[in-house]
Amino acid sequence: MGTKTADETGATTGAEATTDEEKVSVTKSADDATEAGTESAGDARAEGTDAALDAEDAEDAEDAEDDADLAEDPSGAEGPSGVGLGAAAVVSAVLGLVSLTGGWIGTVAAARETLIGQLQTSSNASVATQVKEVYGDAWQTTALWAGGFALVALITGVVVIARPAFGAPGRVQAPWIKSVAWAGVALGVIGLLLAVLKYSDALLGLPSTG
């Protein structure tokens, strides 16, 4: 009986060991399945997070583009690109510079006035009359044309500076346009002042013939 009992005990122990191994194997399989499911869920969450971040980045890019468009045209309405105002500002500055340095049309007008004075002044006229007709009138003509250029430069510059107030509400004018327009206004004012002083003989008047 002792042998049989030992065999039975050994068989029972072996059966229990086998059962324990099966339980361990099942537990490991369950743990592996749980880990695999956890990793899959983590990957799915990561992919979902990446997709959400990509969508947010796309929305941010669209918002940035909208902000840039509004910065160019705060009113949201289509309007002139500012090319015309920029060209007018440059024209104003150039005309103001011409009023100070003189242009070919002013030179031709002065030479023409000199020729007219020579033709209309008799040889026996007084020196004062000859100086006035030949030189004085020509200088005044030069001053007149310079004043005309200065006045046009001044008006053009003022129009460019004031134009945004009568355009689309809130539309911002490019800084360089304002700067060039103000330069045209300044040159126009200086040129107009000098032209008036020269035309009235307050500046560089005719020499005395006494």
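Reader: Let's start with Asp201: is it buried, partly exposed or exposed?

Author: First, this is a predicted model, where local features need pLDDT of at least 70, side-chain atom pairs count only at pLDDT 80 or more, and totals for chains, interfaces and linings use all residues. Residues are numbered from 1 along each chain as its sequence is written, and side-chain values use heavy atoms, with hydrogens and water left out. Buried means under 20% relative accessible area, exposed over 50%, and partly exposed in between (1.4 Å probe, protein chains only). Asp201 has 32% relative accessibility, so it counts as partly exposed.

Reader: And what is phi of Asp201?

Author: Asp201 sits in the segment after H5; helices are DSSP runs of H or I with at least four residues, numbered from the N terminus. Its phi is positive although Asp201 is a residue other than glycine, with a value near 65 degrees.

Reader: Which residues does Leu192 touch, leaving out those up to four places away in sequence?

Author: Leu192 belongs to helix H5, residues 175-199. Its C-alpha atom is 6.3 Å from that of Leu151, 41 residues apart along the chain. Counting contact as heavy atoms within 4.5 Å, Leu192 touches Gly147, Ala150, Leu151 and Leu154.

Reader: How do H2 and H5 lie to each other?

Author: Axes here are lines fitted to C-alpha atoms, for helices over the stretch in contact, with angles from 0 to 180 degrees between N-to-C directions. The axes of H2 (residues 83-101) and H5 come within 8 Å and cross at roughly 25 degrees. Angles under 35 degrees count as roughly parallel, over 145 as roughly antiparallel, 65 to 115 as roughly perpendicular and the rest as oblique. So H2 and H5 are roughly parallel.

Key: Helices (H or I, at least four residues) and strands (E, at least two) are DSSP runs, numbered from the N terminus.
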